[in-house]
Every structure is written in structure tokens, then in C-alpha cells.
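Here is a short note to read alongside the model. Please keep the viewer open and follow the points in order.

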Amino acid sequence: MAEPSRLRPDDRADFEAALHHALGTADIRGVLGADPTGRAAAHLRAHALAHADDIAAAAERPYRSYLDVRRAARHEARSLLGAGSLLPALAVLTPLVAGTSAAALFLIGGLLHVAHALGPLPGSLVAAGWTMALVAAVTGLVTLAAVLHTALRRRGGPPAADQVEHARLVWRQELLDRGMLPHLRRHLGPHPGTAITSCSPPDTLTPCPARAREDRTPCSD
């Protein structure tokens with residue numbers, strides 16, 4: 001069985017956004033509101049951040065899918081950047097340069113013919129012009145085919161950015177529903193409406209020993 005994926009550093013912002021949303025839900029906000037000092041909310045937040053990997057493990061499957069989609073999109077972007085950054089420029093410039101060169105060679109060769117210039121130069125210039133015209137036509141067709149192929153690929157499926165964003169939103173929702181909210185509710189206390197008070201170490205959310213016999217109110221500091 002594969003080990004759970006640890007939360008990536010670049011996904012911490014999404015995790016904290018889900019935590020912020022969870023702390024703002026009605027039931028959790030109501031319990032935390034019983035502590036006017038705000039320490040309960042601060043410690044519950046710190047506890048969730050310290051156990052980010054455990055919370056994220058509840059949404060392991062959508063997180064793996066999100067990572068796979070994001071990795072594929074980045075790989076595709078790098079491939080296009082590495083192999084295609086120069087080729088598109090050449091594909092656009094080659095027909096233009098070849099066409100301009102062909103026109104110039106035809107013009108110069110024609111002028112030399114009109115001027116009855118001696119030697120093979122006028123004919124060579126015209127022949128070179130036809131060669132450049134052929135190059136312009138071929139590269140122009142190749143560029144057009146590449147543009148059509150790219151358009152058809154984009155039409156055949158959603159862009160990679162949309163796929164990544166969809167996978168990200170699915171993961172965040174599962175993280176909130178299956179990981180964040182259950183975790184926070186487990187650590188609020190055994191009874192609805194009880195608040196976490198400030199009498200235990202910052203890294204714990206356990207009942208206060210001094211008050212356990214009185215109201216069994218969980219607390220932290």
C-alpha cells in the first residue's frame with residue numbers, strides 16, 4: 001500500500017484556506033465564541049496546522065489525483081517551452097523571410113533582364129527567387145497545419161489549467177469535509193457548546209485536570 005502523500009509546501013496556502021473556512025462554520029464558531037480571549041481559536045488553529053499531514057490524509061485520493069494532474073500540466077508546459085519556444089518563431093518568420101527574399105530576387109533578376117545584363121547572373125537570380133518562393137510556400141503550409149492541429153487539440157478537451165483547477169477544488173472540498181471539519185470537531189470537546197479554555201500546554205487540547213471533575217470542559221493554552 002502506498003504511503004500517504006505528505007502535504008506539499010506549495011499546498012499549505014490551500015490547507016490554511018480550508019482551515020479558515022472550517023473555523024468560520026456556525027457550530028465551530030459558536031463553540032469558540034464562548035472564549036472571549038480568542039485563545040481557544042488560536043490554539044485550535046495551531047493544533048490543526050501542526051497536524052496538517054494527518055488531516056490531509058483523510059482526502060488522500062483526491063490529493064493524489066490533484067498532484068498527478070498538476071504534474072502532467074507542468075510537464076506539458078515545460079515540454080512546450082523547451083521544444084516549442086524557438087520553433088513557433090521559426091515557423092512564422094521563415095515564410096515571411098523566404099517570401100520577401102523571393103520577391104527581391106525576382107525584382108533584381110527582372111531588372112537585369114530588362115537592362116540586358118550579360119552573363120548568367122539574371123537567370124541565377126530568378127532561379128534563386130523560385131527556390132525561395134517554394135520554401136515560403138512549403139513552410140507556410142506547415143505552419144498552417146501546425147496551427148490547425150493545435151486548435152483541434154484544444155477543442156478536443158479542456159485546457160490543462162482548467163483540469164488542474166478542477167482537481168484542486170475537488171481536493172479542497174474533500175479536505176474540508178472529510179479532514180478539517182471532523183478533526184476540529186473532535187478537538188472542541190465532548191459536549192456541544194463547551195469551549196476550550198486556557199489551562200493546558202499549547203500543543204494539547206485535553207480536558208483541564210483541575211476542572212475535569214466539575215464540568216469536564218476541554219481546554220488548552
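1. Let's begin with a definition. A patch is made of residues with over 30% relative accessible area and no salt bridge, where like charges are joined within 9 Å and nonpolar side chains (Val, Leu, Ile, Met, Phe, Trp, Tyr) within 5 Å. A salt bridge is a side-chain nitrogen of Lys or Arg within 4 Å of a carboxyl oxygen of Asp or Glu. Accessible areas come from the Shrake-Rupley method with a 1.4 Å probe, and for residues only the protein chains shown count as cover.

2. A word on the source. This is a predicted model, in which local features need pLDDT of at least 70 and side-chain atom pairs count only at pLDDT 80 or more, while totals for chains, interfaces and linings use all residues. Residues are numbered from 1 along each chain as its sequence is written, and side-chain values use heavy atoms, leaving out hydrogens and water.

3. Now the patch itself. Val92, Leu93, Leu96 and Val97 form a nonpolar patch on the surface, with about 370 Å² of accessible area together.

4. Next, the overall build. The chain has 8 helices and 0 strands; these are DSSP runs, numbered from the N terminus, with helices being H or I of at least four residues and strands E of at least two. Of the 221 residues, 29% count as buried. The accessible surface of the chain is about 14000 Å², and 65% of it belongs to carbon and sulfur atoms.

5. How many aromatic pairs does the structure hold? There are 3, counting rings of Phe, Tyr and Trp (its six-membered ring) with centres within 6.5 Å; planes under 30 degrees apart are stacked, over 60 edge-to-face and the rest tilted. Tyrosine 66 and tryptophan 171 are stacked, 5.7 Å centre to centre with 10° between the planes. Tyrosine 66 lies in helix α5 (residues 60-84) and tryptophan 171 in helix α8 (residues 160-186), so this pair ties together parts 105 residues apart in sequence. Both tyrosine 66 and tryptophan 171 are buried. Ring pairs also link Tyr63, Tyr66 and Trp171 into a cluster.

6. One further pair deserves a look. The rings of phenylalanine 106 and tryptophan 130 have centres 5.0 Å apart and planes at 75°, so the pair is edge-to-face. Phenylalanine 106 is partly exposed at 29% relative accessibility, whereas tryptophan 130 is exposed at 59%.

Conventions:
Buried < 20%, exposed > 50% of the residue type's maximum accessible area, 1.4 Å probe, protein only.
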